Amino acid sequence: MPTARDVAKLAGTSNAVVSYVFNNGPRAVSADARERVLRAAKELDYKPNALARALSAGKTMSIGLIVPDIANPFFAELARALEVAAADRGHLLLIGDSATMEEQERRLMESFIERKVDSIILVSLLDEPDLKPINVAGLPVVALHPLSAGQRASSLSIDYEQAAYVATRHLLDEGYQSIGLLNGPVDSVGTRQHTSGFERAVAGTSVAVSRRASPISRAGAAEVAMDWLRASDAPRSIYATTDEQAHGVLFAAYTLGLAVPDQLAVIGVDGTAASAFSVPPLSSIRQPTQLIANRAVQILIDGTSDGTTVTELFDFELIVRKSSRA
């Protein structure tokens, strides 16, 4: 593999001049010398060491992303959107999967810090994640979910409470007389907001209400839903707080021989592409994934106008499909 020394020898210049050409400084290079260096580099197929160049500038041009489960279609779509946004700004996105384990989430934080990423985007398992390692390292961090006011991080998300309210009101407007809330595990991201929005929607109505919690997975949700749909408080409709859980409910209904939506209505949250191709197509609250991704990358690379963290809510869209229509 050719080195900068090889380029310098062929171009008839010093190693320093080669460095100045490819790093755009710190010293000026004559047009003739620059042309000779570039011609020699092309002839030798020389590729500068991007990491070394970045480190010399005090930046690695990399962003670390931590998600709970990369196999979840929503997080896969989110990672792709973030990768596109980062690449558009000349940055590399490094993806870490915490595999729904709190200790793994912390190890990924420490690993990204050791690898000198410039910043971190976090989708935590926890409603109140421990950001101390990132804060101590002095790295900017954006969480793509709600955070409490005391956290030293920016937060970008939809309004989960309002999303829950809108989805639940949709089920009420369809005339279902019993509604279930399938939430995530206690203390997981968004559980409090989803509960508040659901309770606000059903307050003052005469509908029967029941609640369950499940892992954020199709298998975990299906297992919980199978028991629930056999129980005395089995609901006529279910608001699931993620599309993955909603898909698990659809599977449970199929297994138990319940027709959707004739015997059970279902709606989820996230608006993944896969939700349009379930059987039947799944109603969902769609998140503006690419807009959130673009804003997260912008904040981490450019900073904010006053240098402080920000908390921003994005609009969502109710997508009504066959799974919830009466």
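Arginine 39 has a relative accessible area of 46% in this predicted model, and is therefore partly exposed. Its partner in a salt bridge is glutamate 35, with the closest N and O atoms 3.4 Å apart. Glutamate 35 is partly exposed as well, at 42% relative accessibility. Both arginine 39 and glutamate 35 belong to helix α3. They sit 4 residues apart, about one turn of the helix.

Helix α3 (residues 31-44) also holds aspartate 32 and arginine 36. The side chains of aspartate 32 and arginine 36 form a salt bridge, at 3.0 Å from N to O. The spacing is again 4 residues, so about one helical turn separates aspartate 32 from arginine 36. Aspartate 32 is partly exposed, with a relative accessible area of 49%. Arginine 36 counts as partly exposed at 25%. In general, side chains of opposite charge can pair because their charged atoms come close.

A further salt bridge joins glutamate 317 to arginine 286, with 3.5 Å between the closest N and O atoms. This pair connects distant parts of the chain, 31 residues apart. Glutamate 317 lies in strand β12 (residues 317-319), and arginine 286 in strand β10 (residues 283-286). Glutamate 317 has 40% relative accessibility and counts as partly exposed. Arginine 286, at 32%, is partly exposed. Elsewhere, salt bridges link Arg106, Glu110 and Asp130 in a network. The whole structure contains 15 salt bridges.

The largest cavity has a volume of about 30 Å³. Its lining is made up of Asn72, Pro73, Phe74, Arg218, Asp243, Glu244, Asp270 and Thr272. Two elements, α5 (73-88) and α11 (243-256), each give two or more residues to this lining. By class, the lining residues comprise 2 nonpolar, 2 polar and 4 charged.

Glycine 220 was examined next. This residue is placed in helix α10 (residues 218-228). Glycine 220 counts as buried because its relative accessibility is 10%, and buried means under 20%. With residues up to four places away in sequence left out, glycine 220 touches Ser214 and Pro215. Glutamine 245 is 25 residues from glycine 220 along the chain, and their C-alpha atoms are separated by 7.7 Å.

How values were computed
Residues numbered from 1 in each chain as written. Predicted model: local features only at pLDDT ≥ 70, side-chain atom pairs only at ≥ 80, totals over all residues. Heavy atoms only, no water. Buried < 20%, exposed > 50% of the residue type's maximum accessible area, 1.4 Å probe, protein only. Contact = heavy atoms within 4.5 Å. 1 Å grid on protein atoms, 1.4 Å probe; cavity = no way out; pocket = protein on both sides within 12 Å on 5 of 7 lines; lining within 4 Å. Points joined across faces, edges and corners; volume = space filled by probe spheres on them. Nonpolar A, V, L, I, M, F, W, Y, C, P; charged D, E, K, R; others polar. Salt bridge = Lys/Arg side-chain N within 4 Å of Asp/Glu carboxyl O.
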